[in-house]
Amino acid sequence: MSAGTPRPESRRPPRLLVVSPIPSHPADQGNAARIQALGAALMARGVICDFLYYATEGLIPPQQAAMAGFWHALHIVPPVPVGRMRHPGCWGIDDWCAPALVGQVAALQRGWRYDAVLVNYVWMSAVLEAVPDALRLLDTHDLFGDRHLAAHALGVDPSWFFTTVAEEARGLDRADLVLAIQAEEAAVLRTRTVKPVLTLGHMPPLEFLMRDAAAPPRHPFGYLGSANPWNAASVLALDAALREAPLPWLIAGRILGRQDLVLASRPARMADVPDPAQFYAAVDCVLNPMTGGTGLKIKTVEALAHGRPVLGTSAAFAGLPAEHPGHCAPDVPALVGLMHEYAGSPAFRHDLRRASRLLALRHAAAVAAEQDSLAARLHALV
């Protein structure tokens, strides 16, 4: 550099506070995996990320240690019990977000001066009112306006947060930028808010590019899922279809904790899955018989990331650029028909494996570009 050339000014990295009612560790359910992966992606792009856990799902010492070792700083706020529904038959947008939490975030902002605050879930959006001097980001994860009506239409108990479209819009409008987990939901969200909506998908690291080939799998088909009612309804539909055309399969994960899950098709069981890689090493083909729901199906992209061929319904691949017939079964009986084709046809198995890996690569590239875009916005703040 010549003596007459001005020295470039050094920039400090942007500082982001992530607020969540879900712990980031362990990543044993889709929402935690999303939170952890997004944090890792932003930190890899030079963003300082602190994490505030509103401890609605409890906290044990190993979990706290894992989160403290991952984030630049960790803040824990104890939850306040949820009261009654504000509206007849559905929650108000702020019913699950305590004023004490909003006050805690305001105090943190006075001390730490975050450039941006990212809140997970629209029903935590009141937190954004505590940080008017920061870029306010809302990661929606899902659609919650009239979610209970969509659940009832499928015979599913909504059993989590749901509200009206008008209440959801009120929460969305608190953000400066709304994040949608897939493009189809981004289009819906743009009809519900005047604020800009950015698609920011989710894709775990592509394990099949980094791991050596494992021992041959012990089970031809397998399903890994959490205990939410959407998963339970889907697995029961799969069980019913397999009674008509039986095939061996494995079921794993938290879903096995449900007492109402009685399966006549008698799958093998793997209740304890401390590392999802153990499940994926045990099965040849992963199933996702999702019968409905919203959001991105994290179990689908996780299976793709592990390099496994995936058979699923159209709902299981919502938001993904799926093309292979095995990725768009119209219903669960059709999915079972594809399972039989997979079992009997080496050509079908080869084509599905190739299509699944190509889909994983395409989606990973798209998500990386979306993460680059968000990181660039954060760096522009400083």
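**Close-up views of a predicted model**

**View 1. Strand β11 between its two partners.** Strand β8 (residues 219-224) pairs with β11 in the parallel sense over three bridges. Here, helices (H or I, at least four residues) and strands (E, at least two) are DSSP runs, numbered from the N terminus, and two strands pair if DSSP finds at least two bridges between them. This is a predicted model, where local features need pLDDT of at least 70 and side-chain atom pairs count only at pLDDT 80 or more, while totals for chains, interfaces and linings use all residues. Residues are numbered from 1 along each chain as its sequence is written, and side-chain values use heavy atoms, with hydrogens and water left out. Look for F221, which stands opposite C285 in β11. β11 also pairs in the parallel sense with strand β12 (residues 310-312), again over three bridges, and there N288 has G312 as its bridge partner. As for cover, six of the six residues of β11 (residues 283-288) are buried; buried means under 20% relative accessible area, exposed over 50%, and partly exposed in between (1.4 Å probe, protein chains only).

**View 2. A covered helix, α9.** Helix α9 covers residues 298-305, and eight of its eight residues are buried. Among them are I298, K299, E302 and L304. Just after α9 comes G307, with a positive phi of about 80 degrees.

**View 3. Two nonpolar cores.** A nonpolar core is a set of buried Ala, Val, Leu, Ile, Met, Phe, Trp, Tyr and Cys residues joined through side-chain atoms within 4.5 Å. The largest one has 66 residues, and those touching the most other members are L16, V19, L42, L101, V105, M124 and L374. A second, separate core has 33 residues, including A151, I181, L250 and L296.

**View 4. H75 and its neighbours.** H75 sits in strand β3 (residues 73-77). H75 counts as buried because its relative accessible area is 15%. Leaving aside residues up to four places away in sequence, H75 touches L17, D50, F51, L52, Y53, L108, W112 and Y114; a contact means heavy atoms within 4.5 Å.

**View 5. L381, after the helix.** L381 is in the segment after α11. With a relative accessible area of 38%, L381 is partly exposed. Which residues does L381 touch, not counting residues up to four places away in sequence? They are D115, A116 and L135. L381 and L135 are 246 residues apart in sequence, but their C-alpha atoms are 8.3 Å apart in space.

View 6. Most residues other than glycine have a negative phi, and most peptide bonds are trans. Now check H25 and P26: a cis peptide bond joins them, with omega about -5 degrees. P26 lies in the loop between β1 (15-20) and α1 (30-44). Next up is Y121, not a glycine, yet with a positive phi of about 85 degrees. Y121 belongs to the loop between β4 (116-120) and β5 (135-139). Is Y121 buried or exposed? Y121 is buried, because its relative accessible area is 3%. D146, also not a glycine, has a positive phi near 60 degrees and lies in the loop between β5 and α4 (147-153). At 30% relative accessibility, D146 is partly exposed.
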